Amino acid sequence: MRFSAKCILCLTLALVLALALSGLGFASGAGHPEYATENETAEKGAIVMTGSSLCEQFPISEIIAERGDSYVIYNRGYGGYTMTQLMEVLDTAVIDLEPSALFINIGTNDIDRLSETYTIEDMMDNYAAILTAIQEAVPDCAIYIMAYYPCTPNTGEGQIQRTLEQIEEVNSYLPALAEEVGATFIDVNEVLRDDDGYLKDEYAADSIHLTDEAYEAIYDALVPYFDECVASENYLGSAAVEYGYEVELVRDGTATLDITVGSGQTVDVELLYAGMDTTRDFSVVSISDECVTASASGLNATITGAYAGSTTVTLSWTAVNTSGSTYTVQLNITVS
């Protein structure tokens with residue numbers, strides 16, 4: 001089969017256009033197809049960060065591990081994305097995770113496209129559409145809109161010509177946007193700026209991207225906000241969950257119970273011996289697992305343990321029954 005030169009040219013142009021669109025993230029599954037798979041086993045009610053490359057390159061999991069912190073934070077950044085493109089993957093980036101809190105920094109690539117036909121007001125309209133879609137899908141999600149980071153003076157040949165003046169002008173619109181949609185605006189740029197307001201040289205991977213040291217500084221500035229999120233009753237999808245069990249204990253008997261707790265949650269266990277003579281019937285009560293141990297003698301015993309990761313723990317308790325009788329013990333367990 002022979003093709004004319006015109007036909008070959010059209011096919012070539014179509015292929016080039018398809019590849020270009022794919023590189024920009026318009027193709028189905030573009031960006032990070034692994035995110036959808038990872039979301040299937042992710043904890044609901046965690047903290048999510050989303051945005052373009054400045055979010056994508058944030059080594060949040062590594063920093064948390066190095067610091068020994070227990071925050072559950074998922075990075076769903078997409079390098080090179082604009083607001084329009086993030087809207088197309090919003091389910092995977094945010095909504096499917098049902099986060100309790102979202103830190104969002106999207107729009108730096110839109111700044112590069114500002115013109116008479118695409119204004120800052122247009123940017124804010126697109127941003128509001130993203131935030132509104134998230135709020136409608138996950139109404140209990142607290143949203144933190146982050147200020148755009150500063151850049152270098154952009155003097156290098158071939159560097160993206162995004163100026164500090166542009167960034168600061170767009171940043172000036174964000175507090176009003178946050179108020180409009182009921183979000184929180186946060187600006188951590190003070191830790192990144194030099195004396196002239198530009199990105200510090202030691203924090204610049206290039207004219208706009210950041211070094212790992214810069215992300216360490218940003219992380220430190222975000223810790224108070226992370227702590228605020230963890231204190232929320234929506235964090236990890238659980239306000240207090242209560243369990244009630246009845247078990248039988250005999251002399252020198254033991255019993256165990258498996259319960260699941262999430263990262264940063266606590267477990268409170270209360271043993272009730274209603275109607276018993278605790279002086280005679282139960283002289284020692286102990287409860288232990290790999291994280292905590294506590295003991296008490298008397299009517300009620302309560303322990304609290306803090307857990308660093310989502311896991312199933314076994315609570316074991318022992319009762320020394322001096323009368324030799326069998327008693328039913330009520331356990332009230334609260335995971336919060």
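User: How should I read a salt bridge in this model, and which residue does E38 pair with?

Analyst: A salt bridge is a side-chain nitrogen of Lys or Arg within 4 Å of a carboxyl oxygen of Asp or Glu. In this structure E38 forms one with R76, with 3.7 Å between the closest N and O atoms. The pair links distant parts of the chain, since E38 sits in helix 2 (residues 34-41) and R76 in strand 2 (residues 73-77), 38 residues apart; helices (H or I, at least four residues) and strands (E, at least two) are DSSP runs, numbered from the N terminus. The model is predicted, so local features need pLDDT of at least 70 and side-chain atom pairs count only at pLDDT 80 or more, while totals for chains, interfaces and linings use all residues. Residues are numbered from 1 along each chain as its sequence is written, and side-chain values use heavy atoms, with hydrogens and water left out.

User: Is R76 buried or exposed?

Analyst: Buried means under 20% relative accessible area, exposed over 50%, and partly exposed in between (1.4 Å probe, protein chains only). R76 is buried at 4%, whereas E38 is partly exposed at 38%.

User: Which residue does D220 bridge to, and where do the two lie?

Analyst: D220 forms a salt bridge with R67, the closest N and O atoms being 2.7 Å apart. Because D220 belongs to helix 11 (residues 212-230) and R67 to helix 4 (residues 60-67), the pair ties together parts that are 153 residues apart in sequence. D220 is partly exposed at 43%, and R67 is likewise partly exposed, at 34%.

User: How many salt bridges are there in the whole structure?

Analyst: A search of the whole structure finds six.
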